[in-house]
Amino acid sequence: SGNRLYLGMDFGTSGARFALINKDGDVCAEGKREYPLYKSHEAIDWARSWKMTLFSLLEDVPNHYRHLVASISIDGTSATTLIVDSNTGQPLSKPLLYNESCPDALPLVKSIAPVNHTVCSASSTLCKLVSWWNSADSNKESATLLHQADWLLWFLHGKLGISDYNNALKVGYDPEIDSYPPWLLAQPYSQLLPYVKAPGTSIGNLKEDIRSQFGFPNDCIACTGTTDSIAAFLAARATLPGQAVTSLGSTLAIKLLSSNRIDDARFGVYSHRLDNMWLVGGASNTGGAVLRQIFTDDQLQELSKQIDPMKTSPLDYYPLTSIGERFPEADPQMAPRLHPRPESDVEYLHGILESIARIEGKAYRLLKDLGASEVEEVLTAGGGSKNEKWTKIRERVLGLPVSRANQTEAAYGAALLALKGAQS
Ligand code: ADP
């Protein structure tokens, strides 16, 4: 099995990518596709776009590698939901996208779910299911709920109704008891819920027609996937409790591997299961978007060069692009604080970068106070990860080793799940 390869595919918000890796995690091939925008009745036919993209990506996998592919896994955007015919797999209505809201279902969902449960949000998968159930008049008895990744994997393995416990969290699956909870199973639509496995678990061999169409080998398997943001976390290869990934994009998001589960709706903190650990996450409204309002990316580079990261900045800001913060301070009224502005732009940028680092530190402390494992090492993803001065500032402020993640593509994380599924 020395030269076998593992294929991961990521279906994100703006396009899809694949990564093909070997058992050591080296990338042999990768590629990306924008979603082609098919229309039907003036609306974008997302199901068709995703399906076409899946097949385009499979064709993009270099021919000479295909016979070596041992397994395939796919991640998709969280809470992107399809209700399909249980016999044909055809969507019974248009897919409900990750950010689509079904407020009509919220009162009912709130009346059956525990207080502050993750399903109690109008864009949760469960609200989408309930909204469909209450408006559908036919086919209700022979329907299946699938997440985007589940549905795309189905084209490869052909077994309808299989998901993973990361994707299924927002429909109400309880990864702690490894089952749907009794309050959900008591509902008439519970028959639509998919069977749930751990991410990166073999579902079965590829369908014969897929194997022969693309030249994948007889023993090639399809494995359960995860959500796109968990796949991006997995890409960084944090594997032990205390290891974390800070994502410095437009906003600041942190994800920490923890031995214990914590959930706190006040701060928007919740945990996903990853085998025998928990992936604890929280997202702040501070981050790179504020930097972009003040400086161009070129200025950021030039000014950063002149910062002495060993020096403590006395400037204490709370950089936000608009009013309101949730994590690590739950204050919907919090105003952005970016004053006083010193004459020197170098000092100003230093103060902002250091203030964001302090917020990051506060975020990890809060997770610990809420009961999570203490952070020991921070990997970094996103646009801010390339700023070496900022990395040094963060090392000093956090008092921890901080480095840039080698891999941050979700497709790479999905390929690691394919590898895991093939090895077990
Ligand atoms: P997202 O995907 O969330 O939009 P990215 O991961 O692409 O964000 O990162 C973009 C952010 O990175 C921008 O908001 C920008 O301010 C920040 N950024 C770009 N260059 C630098 C730099 N040299 N130092 C710090 N931040 C930077």
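How many bridges join β15 to β16? Five bridges join these strands, which run antiparallel. Two strands count as paired if DSSP finds at least two bridges between them. Helices (H or I, at least four residues) and strands (E, at least two) are DSSP runs, numbered from the N terminus.

The model shown in every view is predicted: local features need pLDDT of at least 70, side-chain atom pairs count only at pLDDT 80 or more, and totals for chains, interfaces and linings use all residues. Residues are numbered from 1 along each chain as its sequence is written, and side-chain values use heavy atoms, with hydrogens and water left out.

**View 1. Strands β15 and β16 form a hairpin.**
Two residues lie between the strands. In the turn, D275 has a positive phi of about 55°. Across the pair, Y270 stands opposite G281 in β16. Strand β16 is largely enclosed by the rest of the structure, because seven of its eight residues are buried. Buried means under 20% relative accessible area, exposed over 50%, and partly exposed in between (1.4 Å probe, protein chains only). β16 also pairs with β14, in the antiparallel sense and over seven bridges. There, G282 in β16 is the bridge partner of I254.

**View 2. Six strands make an open sheet with mixed pairing.**
The order is β15-β16-β14-β13-β17-β18. β15 (270-274) and β18 (402-404) are the edge strands, each pairing on one side only. On average, neighbouring strands of this sheet are turned by 25° against each other, direction ignored. Axes are lines fitted to C-alpha atoms, for helices over the stretch in contact, and angles run from 0 to 180 degrees between N-to-C directions. Within the sheet, β13 (residues 243-248) and β14 (residues 252-258) run antiparallel and are joined by five bridges. T246 stands opposite I254 in β14.

**View 3. Helices α8 and α11 lie against the strands.**
Helix α8 (residues 228-235) packs on the sheet and touches β13, β14, β15 and β16 (277-284). Contact means heavy atoms within 4.5 Å. The direction of α8 makes about 65° with that of β15. Helix α11 (residues 345-369) lies across β13, β14, β16 and β17 (377-381). α11 runs at about 35° to β14.

**View 4. I262 sits in the loop between β14 and β15.**
Is I262 buried or exposed? I262 is buried, with a relative accessible area of 6%. Leaving aside residues up to four places away in sequence, I262 touches V269, Y270, S271, V280, L367, L370, G371 and A372. I262 and L367 are 105 residues apart in sequence. In space they are 8.0 Å apart, C-alpha to C-alpha.

**View 5. Strand β1 (residues 5-11) is largely enclosed by the rest of the structure, because seven of its seven residues are buried.**
In a regular strand the side chains alternate between the two faces of the sheet. In β1, L5, L7, M9 and F11 point one way, and Y6, G8 and D10 the other way. β1 and β6 (residues 69-76) run parallel, joined by seven bridges. I72 in β6 is the bridge partner of L7. With β2 (residues 15-22), β1 pairs in the antiparallel sense, over seven bridges. A16 in β2 is the bridge partner of F11. A hairpin through three residues joins β1 to β2.

**View 6. Helix α4 (residues 125-135) is mostly covered.**
Nine of its 11 residues are buried. Those buried residues are T125, L126, C127, K128, L129, V130, S131, W132 and W133. They pack against β7 (81-85), α3 (106-112), β8 (143-147) and α6 (182-185).

How many salt bridges are counted between domain 1 and domain 2? The count is four. A salt bridge is a side-chain nitrogen of Lys or Arg within 4 Å of a carboxyl oxygen of Asp or Glu. E176 forms a salt bridge with R261, with the closest N and O atoms 3.0 Å apart.
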